[in-house]
Amino acid sequence: MAVSCSHSSILFPPSTSSVGFNRFPRLQTLRFKSRNVYQKARISTVSASSSRSLEALIFDCDGVILESENLHRQAYNDAFAHFDVRCPPSSSESLNWSLEFYDKFQNLVGGGKPKMRWYFRENGWPTSTLFESPPESDDDRAKLIDTLQDWKTERYKEIIKSGSVEARPGVIRLMDEARAAGKKLAVCSAATKSSVILCLENLIQIERFQGLDCFLAGDDVKEKKPDPSIYITAAEKLGVSVNDCLVIEDSVIGLQAATKAGMSCVITYTSSTSDQDFKEAIAVYPDLTNVSLKDLETLLQTIVTAA
């Protein structure tokens, strides 16, 4: 039986930017299921013949260990301010992506450079300190995008290293509980290895990072999530059955990767993923504050019994 938890707070604060969501009809076409879909328990579809015990706990990074999207948004906005990017060019202030806008946008367009290119194509190429008039040639547009992305990436690293960013609630405690109980621990992220290492060394500390039984990033597999390769590879490296692995994810893409690998998955959602369809998860939580290792072990036992 699946377990769910509702979040009573407002997940999408009012926008402080002049960028209106109604200006982007393609974004308005996104439709997400109501959070209420998780208010009632669901029956798992796991086969009763598939005996499961928790032997390995596998964490995604971005969204699970680190609520990263708002930090990426901050880094983009800092880059826009640094280069005085004005889009459209008639704007009186530098471009600023609001939280409400970015939560939807980052689920529509993946990757930093594609995000900016898409946005500028839709709203007009901007003026900036790099180009006094909007760039017209492909080379100049590429230069603008490359420069903004490089500066944004360095700014993101500065934010992570600043000491002001913490792991999401309950993550470190749950890792320590699993380690103390003799469970294997892994982190599997679709992000680049250097980015994930930076996050883990600063958020869970170097000792915990070096103590992981398995660490895989997007560089380590040919296909990225929702392809299950990263989780199948993790099970092989851990030396455990996929039946005995439990994955903690924050998005439906990660959920699909885990379930396709044959693993059970728990969701700890963020503001940008809260309305996605998590019906295949065995539990859905706003965060891991009140989730113990014993709770997760009971979940695996319960889904087998229910089936």
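Trainee: α5 and α7 cross. Is the crossing left-handed or right-handed?
Mentor: α5 passes α7 in a right-handed crossing. Keep in mind that this is a predicted model.

Trainee: At what angle do the axes of α5 and α7 cross?
Mentor: Roughly 20°, and the axes come within 9 Å. Angles under 35 degrees count as roughly parallel. α5 and α7 are therefore roughly parallel to each other.

Trainee: And α2 with α5, what angle do they pack at?
Mentor: About 130°, with the axes of α2 and α5 8 Å apart. That angle makes α2 oblique to α5. The crossing of α2 and α5 is right-handed.

Trainee: Next, α4 and α5. How do their axes cross?
Mentor: The axes of α4 and α5 come within 10 Å and cross at roughly 130°. So α4 and α5 are oblique to each other. Their crossing is right-handed.

Trainee: Why give an angle and a distance for packed helices?
Mentor: Two packed helices are described by the angle between their axes and the distance between those axes.

Trainee: New topic. What volume does the largest pocket have?
Mentor: About 1,400 Å³.

Trainee: How many residues line the largest pocket, and which lie nearest its centre?
Mentor: The lining has 50 residues. D62, E69, Q106, G111 and K115 lie nearest the centre.

Trainee: Which elements give two or more residues to that lining?
Mentor: α2 (69-82), α3 (99-108), α4 (112-123), α5 (138-161), α7 (193-203) and α10 (252-260).

Trainee: How do the lining residues divide into nonpolar, polar and charged?
Mentor: The lining of the largest pocket has 12 nonpolar, 22 polar and 16 charged residues.

Trainee: Now the backbone. Is the bond joining C87 and P88 cis or trans?
Mentor: The peptide bond joining C87 and P88 is cis, with omega about 0°. P88 is in the loop between α2 and α3.

Trainee: What about the bond from K225 to P226, cis or trans?
Mentor: The K225 to P226 peptide bond is cis, with omega near 15°. P226 sits in the loop between β4 (214-216) and α9 (229-238).

Trainee: And phi of D84, positive or negative?
Mentor: Positive. Phi of D84 is near 50°, and D84 is a residue other than glycine. D84 has its place in the loop between α2 and α3.

Trainee: Why point these out?
Mentor: Most residues other than glycine have a negative phi, and most peptide bonds are trans.

How values were computed:
Residues numbered from 1 in each chain as written. Predicted model: local features only at pLDDT ≥ 70, side-chain atom pairs only at ≥ 80, totals over all residues. Heavy atoms only, no water. 1 Å grid on protein atoms, 1.4 Å probe; cavity = no way out; pocket = protein on both sides within 12 Å on 5 of 7 lines; lining within 4 Å. Points joined across faces, edges and corners; volume = space filled by probe spheres on them. Helix = DSSP H or I, 4+ residues; strand = E, 2+ residues; numbered from the N terminus. Nonpolar A, V, L, I, M, F, W, Y, C, P; charged D, E, K, R; others polar. Axes fitted to C-alpha atoms, helices over the stretch in contact; angles between N-to-C directions. Parallel < 35°, antiparallel > 145°, perpendicular 65-115°, else oblique. Left-handed = near helix turned anticlockwise from the far one by under 90°.
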